[in-house]
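Subject: A structure for you to look at

Hello,

Here is the structure I promised to pass on. Please open it first, and then read my notes below.

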Amino acid sequence: MILRRDRAMTAVLIMLDVAFHAGRSGTVSAADIAERSNLARRGIEPLLQALSRSSLLESIRGPRGGYRLGRPRRDISLVDIINAVTQDDQGGDDGPQGPLFTKVIEPSWKLFDKELTIQMKKTSLDDLVKKAESSGLKRPLSEPITFSI
């Protein structure tokens, strides 16, 4: 279920951060992602690992290491991202119960979730980057070229 999953929204934020700040060629460190997102680095590490395992992110080691997109941003849908970090989630029975929940809320929620999933399949990471740019957010400039004589 997609509706209101903090883990899913955080994963989309991580992927958007990498796409926006690093693109396909550069890398972004976990510390930079955490700082820009106001999240604890240790809190996003499991998500970074799950996204890397699913090949949505590529982990680069070394002094200039970090994370970069594993494939072009136009080929990554929001559902791809959400599935990568929620596939291990178990639907627990510790939630609400009772006839109002089972006969009204749960079927309605499933319908909302289905409609949202359809929209999220149509929305790519590229769409979100374009939305960020059109909202006035500035992408970082590539490293300046330095000349020595």
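A residue counts as buried under 20% relative accessible area, as exposed over 50% and as partly exposed in between, using a 1.4 Å probe and protein chains only. At 6% relative accessibility, Ala50 is therefore buried.

This is a predicted model, in which local features need pLDDT of at least 70 and side-chain atom pairs count only at pLDDT 80 or more, while totals for chains, interfaces and linings use all residues. Residues are numbered from 1 along each chain as its sequence is written, and side-chain values use heavy atoms, without hydrogens and water.

Ala50 lies in helix α3 (helices are DSSP runs of H or I, at least four residues, and strands are runs of E, at least two, numbered from the N terminus). Leaving aside neighbours within four places in sequence, Ala50 is in contact (heavy atoms within 4.5 Å) with Ala84 and Val85.

Those contacts belong to a helix pair: the axes of α3 (residues 41-53) and α4 (residues 78-86) come within 9 Å and cross at roughly 115°. Axes are lines fitted to C-alpha atoms, for helices over the stretch in contact, with angles from 0 to 180 degrees between N-to-C directions. The contact is made by Leu47, Ala50 and Leu51 of α3 and Ile81, Ala84 and Val85 of α4.

Leu51 also touches residues elsewhere: leaving aside neighbours within four places in sequence, its contacts include Ala11, Ile14, Met15 and Leu57.

Best wishes
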